[in-house]
Amino acid sequence: MSDRVFGFVGLGNMGGPMSGRLLASGLDLTVFDLRADSVAAAVANGATAAASLAEIGDRADVVFLSLPSPEAVRAVAIGPGGLAEGGRVKVVVDLSTTGPRVEEEVARALEARGKTLVDCPVSGGVAGAKAGTLAVMAAGDAAILAELAPTLGVLGKVFSVGARPGQGQTMKLINNLMSTAALTIASETMVLGVKAGLDPDLMIEVLNAGTGGNSATANKIPKFVLPRTFDFGFAIGLSSKDARLCVEEGDRLGVPMIVGNAVRTLLNITRDHLGPDADMTSVIKVVEEWAGVEVRGRAAKS
Ligand code: NAD
């Protein structure tokens, strides 16, 4: 892949640091984003700015996407003036969380033009994107995945989860629903504990030593809730989009999603109450408001 030219579309919370790592690894990257400030930051790191998607499609062999919604991925990859119209691009690697249905649709449309989609969502948050420790869930053509493996390895640990685009998305939606289930139940129970007079820092220590510990008690609550910074870096609007995609997949496959729907409801309430750009860790603020107490740790008090 060393002679290949690469492109990157979507330089946000995740795409910014992921493209930064690819640039630092020596890749020649042409980038595009609707936000001029994000493009300028990538150019400062050595990227070349493209004026349009068409320009990337004509310049790069392989194009990475890190976009906020299924609609954005559809428009960028196969919409009018999108990458699929580019003469050079052969492979599109979608690092976004879009859900399997759009991924299947985009894969079919690209295939009709002799191009290939690699379905490749990631997990591990902004910190993982910066550190190159993401879980990379790749699904697609085995030969292309093998060729891309060293490049994807710059982003984190690569798992080949299937041969069919859409299977990476399913894996990712499952991961995210598990993660938000942990966050929502941890938020409710932390508020309950504080209202009952327990110390929140001590609660986290006990939970992490006991069987109640999960990804929220290990990371999100102690690092972003107890200090009251709420800057984990994943917007609640994106999080509720992921929960919607997962319960829709349950509907499509005839799998009951009773707990998943409850998790989705609390995420939606938070999104509608605090706005889609609020950090996902703000889910606890809604529970706090109802209960009339705040989960404030030592770090916030000092
Ligand atoms: P973000 O909103 O910070 O970034 C998205 C970027 O895409 C923005 O810079 C935006 O300007 C750009 N964009 C939107 N539409 C575009 C278009 N038509 N053409 C070009 N650029 C366009 O979102 P994010 O947090 O970086 O998430 C990106 C994707 O990664 C989402 O699908 C999200 O679900 C997924 N994800 C996020 C995290 C996280 O912790 N933030 C973790 C894993 C996966």
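Is Phe6 buried or exposed, and what is its relative accessible area?

Modeller: Phe6 is buried, with a relative accessible area of 1%. Here buried means under 20% relative accessible area, exposed means over 50%, and partly exposed is in between, with a 1.4 Å probe and protein chains only. This is a predicted model, in which local features need pLDDT of at least 70 and side-chain atom pairs count only at pLDDT 80 or more, while totals for chains, interfaces and linings use all residues. Residues are numbered from 1 along each chain as its sequence is written, and side-chain values use heavy atoms, with hydrogens and water left out.

The ring of Phe6 has a partner. Its centre lies 6.0 Å from that of Phe64 and the two planes are at 15°, so the pair is stacked. The rule takes rings of Phe, Tyr and Trp (its six-membered ring) as paired if their centres lie within 6.5 Å; planes under 30 degrees apart count as stacked, over 60 as edge-to-face and the rest as tilted. Phe6 belongs to strand 1 (residues 6-9) and Phe64 to strand 4 (residues 62-65), so the pair, 58 residues apart, links distant parts of the chain. Helices (H or I, at least four residues) and strands (E, at least two) are DSSP runs, numbered from the N terminus. Phe64 is also buried, at 0% relative accessibility.

Gly12 is partly exposed, with a relative accessible area of 38%. It touches Pro17 and Asp33, leaving aside residues up to four places away in sequence; contact means heavy atoms within 4.5 Å. Helix 1 (residues 15-24) is mostly covered, with seven of its 10 residues buried. Those residues are Gly15, Pro17, Met18, Ser19, Gly20, Leu22 and Leu23. Gly26, with a positive phi near 105°, follows helix 1.

Two packed helices are described by the angle between their axes and the distance between the axes. For helix 12 (residues 258-274) and helix 13 (residues 283-291), the axes come within 9 Å and cross at roughly 85°. That makes helix 12 roughly perpendicular to helix 13. The axes are lines fitted to C-alpha atoms, for helices over the stretch in contact, and the angles run from 0 to 180 degrees between N-to-C directions. Angles under 35 degrees count as roughly parallel, over 145 as roughly antiparallel, 65 to 115 as roughly perpendicular and the rest as oblique.

Helix 12 brings Leu266, Leu267, Ile269, Thr270, His273 and Leu274 to this contact, and helix 13 brings Val283, Lys285, Val286, Val287, Glu289 and Trp290. By class these are eight nonpolar, two polar and two charged residues. Ala, Val, Leu, Ile, Met, Phe, Trp, Tyr, Cys and Pro count as nonpolar, Asp, Glu, Lys and Arg as charged, and the others, Gly among them, as polar.

In helix 13, Val283, Ile284, Val286, Val287 and Glu288 are buried, and what covers the buried residues of this helix includes helix 8 (167-195), helix 10 (215-225) and helix 12. Gly292, which follows helix 13, has a positive phi near 80°.

Helix 8 and helix 10 also pack against each other, with axes that come within 9 Å and cross at roughly 70°. Helix 8 is therefore roughly perpendicular to helix 10. Ser179, Ala182, Leu183, Ala186, Ser187 and Met190 in helix 8 meet Ser215, Ala216, Thr217, Lys220 and Ile221 in helix 10. This contact divides into six nonpolar, four polar and one charged.

Two lysines named above sit over rings. Lys220 lies over the face of Phe232, 5.3 Å from the ring centre, and the charged end of Lys285 is over the ring of Phe230, at 4.3 Å from its centre. The criterion is NZ of Lys or CZ of Arg within 6 Å of the ring centre and within 35 degrees of the ring normal. Phe230 is placed in the loop between helix 10 and helix 11, where it is buried at 12% relative accessible area. Its phi is positive, near 45°, although the residue is other than glycine.
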